[in-house]
Amino acid sequence: MNELKPTKFITRQHGDNLRKAWMHCAHYGFPLNAAFTIHFAVAGLRGHYIKGRQTVYQRLRKWLQSHGADIFACGWVMESSPQGKDAHLHGAVHLPDNIMTDDLCDFLNGVVGGFENAVDVRPVNDNGWLRYMLKGCHQDDYEYFNIRRKHRKAQGIIWGKRCGVSQAIDSSERNARIDHKRTLTELQIAKRRSNLLEPLTAE
């Protein structure tokens, strides 16, 4: 039923989840280093963007896994024109060293049928793309998410889910990874302390 509900903006909760996932990926060594946009209307999927988004997501995950990716780290948002006639998907994904942005572009073009101007892919070098993805937030959150003034406008009505991250970087997985690192750190500290407390032996 959630897929049938219209939304006008990204909630602060969902925006925070995307932002935290982005920062988490950068901190743990698998940054979201490739940006992509897919225009579903151009690809002939004007009224089928929910299914289109799901297809892109599922096939992208399998494609990356088949190319040796250790983790499927991806965040995405849906936007539309004010009239709802140009639904499009903005995403960011982690590409391992053996996959180039051109490879991703070729793959996504194949997924949506190879229509000209349906797909745009580019490397990500800073947090500017994250801010761009979050521009569909509520106007009260423009300052909160540091949205550039030229991007501060409504991003259309979307039916279904508007913003999300892959399971590998959702809140539960992020917390588990943080807890695991904390445990390892505590063990290292305990070991260091025990070494300092070991009695000196005569040579």
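First, the ground rules. This is a predicted model, so local features need pLDDT of at least 70 and side-chain atom pairs count only at pLDDT 80 or more, while totals for chains, interfaces and linings use all residues. Residues are numbered from 1 along each chain as its sequence is written, and side-chain values use heavy atoms, with hydrogens and water left out.

Now the fold. The chain has 5 helices and 7 strands. These are DSSP runs numbered from the N terminus: helices are H or I with at least four residues, strands are E with at least two. From the N terminus, the order is β-α-β-α-β-β-α-β-α-β-β-α. Of the 203 residues, 39% are buried. Buried means under 20% relative accessible area, exposed means over 50%, and partly exposed lies in between, with a 1.4 Å probe and protein chains only.

On to the open spaces. The search uses a 1 Å grid over the protein atoms alone. A pocket is an open set of points with protein on both sides within 12 Å along at least five of seven lines; a cavity is a set where a 1.4 Å probe fits but cannot get out. Lining residues have an atom within 4 Å of a point. Points are joined across faces, edges and corners, and a volume is the space filled by probe spheres set on them.

The largest pocket holds about 270 Å³. It has 14 lining residues, and A35, R122, G128, W129 and Y132 are the closest to its centre. By class, the lining is 5 nonpolar, 5 polar and 4 charged. Nonpolar here is Ala, Val, Leu, Ile, Met, Phe, Trp, Tyr, Cys and Pro; charged is Asp, Glu, Lys and Arg; the others, Gly among them, are polar.

The second largest pocket comes to about 160 Å³. Its lining is Q13, D16, N17, K20, H24, S171, R174, N175 and I178. The elements giving two or more of these residues are α1 (12-27) and α5 (171-197). Helix α1 gives the most, with 5. The classes read 1 nonpolar, 5 polar and 3 charged.

How many cavities of 30 Å³ or more does the structure hold? There are 2.

The largest cavity is about 40 Å³. F36, R53, V56, Y57, L60, C74, W76 and L89 line it. At least two residues each come from α2 (49-66) and β3 (74-79). Helix α2 supplies the most, 4 residues. This lining has 7 nonpolar residues, no polar ones and 1 charged.

The second largest cavity takes up about 30 Å³. G128, R131, Y132, R148 and H151 form its lining. That splits into 1 nonpolar, 2 polar and 2 charged.

Last, the surface. L4, I157 and W159 make a nonpolar patch of about 320 Å². Patch members have over 30% relative accessible area and no salt bridge; nonpolar side chains are joined within 5 Å, like charges within 9 Å. A salt bridge is a Lys or Arg side-chain nitrogen within 4 Å of an Asp or Glu carboxyl oxygen. Areas come from Shrake-Rupley with a 1.4 Å probe, and only the protein chains shown count as cover. I157 sits in the loop between α4 and β6 (158-159). I157 is partly exposed, because its relative accessible area is 40%.
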